Amino acid sequence: MLSHRAIWDGIDALARRHGHSVSALARLAGLDATAFNVSKRVSKDGRERWPSTESIAKILEATGETIDTFLAGGTFIQPDTGARVRTVPLIGLAQAGNGGFFDGDGFPAGQGWDEITLPMSGNSSIYALEVSGDSMEPLYREGDRIVVSPTEQVRRGDRVVVKTRDGEVMAKILARQSARQIELHSLNPAYEPRILELTDVEWVARIIWASQ
């Protein structure tokens with residue numbers, strides 16, 4: 001069956017394809033603007049929430065897309081659906097800040113990478129990072145594996161991995177980017193936003209999926 005995150009990723013991808021935020025997509029479909037907000041995806045006790053089939057039907061009707069294009073846009077389906085399985089490089093997020101694991105564009109390089117098998121196909125440049133810390137809870141928890149693509153276009157609101165020139169690697173939300181600065185937010189409200197000079201950022205890559 002489809003995973004919880006695959007459905008939400010499909011909604012995010014649908015909004016991006018039509019040039020909308022998820023809030024604007026919800027309004028276009030006649031839904032409450034907060035229907036697809038990140039805060040609605042996990043309950044207060046940490047349980048994952050699913051969007052209703054009615055809300056998915058409404059956004060498909062509003063955008064003129066079919067359920068097939070919606071599922072293709074989300075891309076990531078659990079193995080029992082028949083999706084092709086592939087092996088991708090894996091390293092711990094905390095370990096990734098050490099030197100030698102990436103080239104200057106955010107692609108895996110050097111020794112020390114492990115491997116993980118995931119139900120996906122296509123982009124050959126993707127890799128996985130194992131989450132440490134709690135800055136992205138409740139969406140990403142300690143031990144979750146986030147799949148990263150350095151070739152995907154990054155937009156405001158995307159979940160991203162950022163590497164600074166000082167060697168820090170972090171998973172955040174891209175809140176804003178100007179010609180000089182980048183503003184990064186955590187899902188966990190206990191963490192303050194980070195504002196970095198672009199000259200201090202080595203690369204930014206989009207998180208395209210996560211696996212528990």
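Please keep in mind that the model is predicted.

**The nonpolar cores**

Let's start with the largest nonpolar core, which has 23 residues. Those with the most contacts inside it are Phe102, Tyr127, Leu129, Tyr140, Ile146, Val148 and Val161. Several elements each supply at least two residues of this core: α5 (93-96), β3 (127-130), β4 (145-149), β6 (169-177) and β9 (201-211). Of these, β9 gives the most, with four residues. There is also a second, separate core of 15 residues, and Ile7, Ala29, Leu31 and Phe70 are among them.

**Phe102 and its aromatic partners**

Leaving aside neighbours within four places in sequence, Phe102 is in contact with Ala96, Phe107, Pro108, Ala109, Trp113, Tyr127, Leu129, Lys163 and Trp203.

How many aromatic pairs does a search of the whole structure find? The search finds six.

| Pair | Distance between ring centres | Angle between planes | Geometry |
|---|---|---|---|
| Phe102 and Trp113 | 5.4 Å | 90° | edge-to-face |
| Phe102 and Tyr127 | 5.5 Å | 55° | tilted |

Phe102 and Trp113 both lie in the loop between α5 and β2 (114-119), so their pair ties together parts that are eleven residues apart in sequence. Tyr127, in contrast, sits in strand β3, so its pair with Phe102 ties together parts that are 25 residues apart in sequence. Phe102 and Trp113 are both buried, and Tyr127 is buried too. One aromatic cluster brings together Phe101, Phe102, Trp113, Tyr127 and Trp203.

**Glu183 in strand β7**

Glu183 lies in strand β7, which spans residues 181-185. Is Glu183 buried or exposed? Its relative accessibility is 17%, and because buried means under 20%, Glu183 counts as buried. The side chain of Glu183 makes a polar contact of 2.7 Å with the side chain of His185. Apart from neighbours within four places in sequence, the residues in contact with Glu183 are Ile173, Leu174, Ala175, Arg176, Pro193, Arg194 and Ile195.

Methods
Residues numbered from 1 in each chain as written. Predicted model: local features only at pLDDT ≥ 70, side-chain atom pairs only at ≥ 80, totals over all residues. Heavy atoms only, no water. Buried < 20%, exposed > 50% of the residue type's maximum accessible area, 1.4 Å probe, protein only. Polar contact = N/O pair within 3.5 Å; in protein donor to acceptor, adjacent residues only side chain to side chain. Contact = heavy atoms within 4.5 Å. Core = buried A, V, L, I, M, F, W, Y, C linked by side-chain atoms within 4.5 Å. Phe/Tyr/Trp six-rings, centres within 6.5 Å; stacked < 30°, edge-to-face > 60°.
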